[in-house]
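Please look over the sequence and the model shown here before reading on.

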Amino acid sequence: QQCLIESPGTPLPSKLQSIINYTATNQLEELGFCQLNMEYLPDGLRISKSLRHKIRKINLSQNNLADLGDGILAFVNLTSLNLCENEYERFPNNILKITTLTDLNLKNNLIAMIPEEISVLVNLVTLDLSGNEGINSIPSEISYCKALKFLSFKCCSLDQLPPQLCLLYSLTHLDVSYNK
């Protein structure tokens, strides 16, 4: 089951945790907070520990997030994180602590650099950084993400690709269209 809260143009309810607790069941695996004009993920989300362990997917797309904060780290079994169309100028470092991630969407942000430490995300299957026009290089350390099947840097500012991409033997989709 999923809990999807989508409210274009409406401010985020002040008692966000009560909405989650009201809709939560033992089967809840996905949370979505889209188009809520959120500027940060509240660290104070009071979600039971057992529910935090069940959440696998979080969608925070189309907000005004520029910092992920430590609140995301409470979801210890997170496999999918959608942060597309936010205001990230830097790759959110807390993501590097979520080694369970298989799908990461950071499309259409303002990110200019991918940290070398991306190598710790060895379970990533899908990585979408398209539309981050400031990205002009891919660190060679991405080759440690051996599970990658889908990799997109469409509409960035890449002028070359690291030869280490050839070491991603599982890669079936690479999109680097509309670059330099």
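**Basis and confidence**

This is a predicted model, in which local features need a pLDDT of at least 70 and side-chain atom pairs count only at pLDDT 80 or more, while totals for chains, interfaces and linings use all residues. Residues are numbered from 1 along each chain as its sequence is written, and side-chain values use heavy atoms, with hydrogens and water left out.

The pLDDT, which is the predictor's confidence in each residue on a scale from 0 to 100, averages 86 over the protein, and 82% of the residues score at least 70. Over residues 1-15, however, pLDDT stays under 50, and for this stretch the model has 33 contacts beyond four places in sequence, a contact being heavy atoms within 4.5 Å. Where pLDDT is low, the predicted coordinates should not be read in detail.

**Overall build**

The protein has 2 helices and 8 strands, where helices (H or I, at least four residues) and strands (E, at least two) are DSSP runs numbered from the N terminus. Read from the N terminus on, the order of these elements is β-α-β-α-β-β-β-β-β-β.

The protein exposes about 9300 Å², of which carbon and sulfur atoms supply 48%; accessible areas come from the Shrake-Rupley method with a 1.4 Å probe, and for residues only the protein chains shown count as cover. Of the 180 residues, 44% count as buried, where buried means under 20% relative accessible area, exposed over 50%, and partly exposed in between (1.4 Å probe, protein chains only).

**The nonpolar core**

A nonpolar core is a set of buried Ala, Val, Leu, Ile, Met, Phe, Trp, Tyr and Cys residues joined through side-chain atoms within 4.5 Å. The largest such core here has 43 residues, and those with the most contacts inside it are Leu81, Ile95, Leu104, Ile142 and Phe153. Leaving aside neighbours within four places in sequence, leucine 104 is in contact with residues including Leu81, Phe91, Ile95 and Leu121.

Strand β2 (residues 30-34) is mostly covered, since 4 of its 5 residues are buried. With strand β3 (residues 57-59), β2 pairs in the parallel sense over 3 bridges, a pair of strands being one between which DSSP finds at least two bridges. Within this pairing, glutamate 30 stands opposite lysine 57 in β3.

How many disulfides does the structure hold? The structure holds 0 disulfides, a disulfide being a pair of cysteine sulfur atoms within 2.5 Å. For cysteine 34, the nearest cysteine sulfur belongs to cysteine 84 and is 8.1 Å away. Cysteine 34 is buried, because its relative accessible area is 5%, and cysteine 145 is likewise buried, at 0%.

Asparagine 82 is placed in strand β4. Beyond its neighbours within four places in sequence, asparagine 82 is in contact with Ile58, Asn59, Leu60, Ser61 and Asn105; it counts as buried because its relative accessibility is 17%.

Most residues other than glycine have a negative phi, and most peptide bonds are trans. Glutamate 85, in the loop between β4 (80-82) and β5 (103-105), has a positive phi near 55 degrees. Asparagine 108, in the loop between β5 and β6 (126-128), also has a positive phi, of about 60 degrees, although it is not a glycine.

Serine 170 lies in the loop between β7 (150-152) and β8. Its C-alpha atom is separated by 6.0 Å from that of alanine 147, 23 residues apart along the chain, and its contacts beyond four places in sequence are with Lys146, Ala147, Leu148 and Lys149. Histidine 173 belongs to strand β8 (residues 173-175). Histidine 173 and leucine 148 are 25 residues apart in sequence, with their C-alpha atoms 9.1 Å apart in space, and histidine 173 is in contact, beyond four places in sequence, with Lys149, Phe150 and Leu151.

The table lists the relative accessible areas of these four residues.

| Residue | Relative accessible area | Class |
|---|---|---|
| Glutamate 85 | 34% | partly exposed |
| Asparagine 108 | 35% | partly exposed |
| Serine 170 | 30% | partly exposed |
| Histidine 173 | 33% | partly exposed |
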